[in-house]
Amino acid sequence: MTLQHLARATAVATLGSFLILPVSLQSQEYALLHQVSQSAHDRAEREQTNEDHRKHTGAKIVGGSAAGGAVVGALAGGGKGALIGGAVGAGGGAIANKVRKDKDVKKREQRESNEEPRYNHQEPR
C-alpha cells in the first residue's frame, strides 16, 4: 500500500467518523426528559442565535477547525493534503458548532424554566 493510499484511507476514515456522530440521539433523549413549550424553545433558540451572530461564534469554530485541518493535512500530504484537511476540518467544525449551539439552547431553556416569570405579578388582596 502506497503512502497516497494510506493518506486517502485516513482522510475517508476521519470524515466518516464525523458524519456518524449520534447527535440526533442526544436531542431525542433530552426531549423525553425535559418538556418545554414550543414558544420557550423558539425564544431560547432565537436569543442564542442572536448572541452567536454578535460574537461570530460559528465562524470562529468552523474557521479554526478548517485551519487546523489544513495544517495537519499540509504536514501529511502537501498542498493537496491541506485542501482535503481543510475541508474535513470545516465539516467537523460545522458539526461541533451545531452540537454546541443545541447544548446552549438547552441550557437557556433550563435556566428560563427555573426562573420566576418575567412579568410583574401582584398578589390578590
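## Overall pattern

Which pattern does the protein follow, read along the sequence? The pattern is α-α-α-α. The protein has four helices and zero strands. Helices (H or I, at least four residues) and strands (E, at least two) are DSSP runs, numbered from the N terminus.

## Model and confidence

This is a predicted model: local features need pLDDT of at least 70, side-chain atom pairs count only at pLDDT 80 or more, and totals for chains, interfaces and linings use all residues. Residues are numbered from 1 along each chain as its sequence is written, and side-chain values use heavy atoms, with hydrogens and water left out.

The protein's mean pLDDT (the predictor's confidence in each residue, from 0 to 100) is 80. Of its residues, 71% reach 70 or more. Helix α4 (residues 57–114) has the highest confidence, at a mean of 93. Helix α2 (residues 23–33) has the lowest, at 56. Where pLDDT is low, the predicted coordinates should not be read in detail.

## Burial and contacts

Of the 125 residues in the protein, 20% are buried. Buried means under 20% relative accessible area, with a 1.4 Å probe and protein chains only. Contact means heavy atoms within 4.5 Å. Among contacts with a separation of 6 or more, 75% come from residues 24 or more positions apart.

## Asn 97

Asn 97 lies in helix α4. Asn 97 counts as buried because its relative accessibility is 17%. Leaving aside neighbours within four places in sequence, Asn 97 contacts Gly 58 and Ile 61.

Notes:
Buried means under 20% relative accessible area, exposed over 50%, partly exposed in between (1.4 Å probe, protein chains only).
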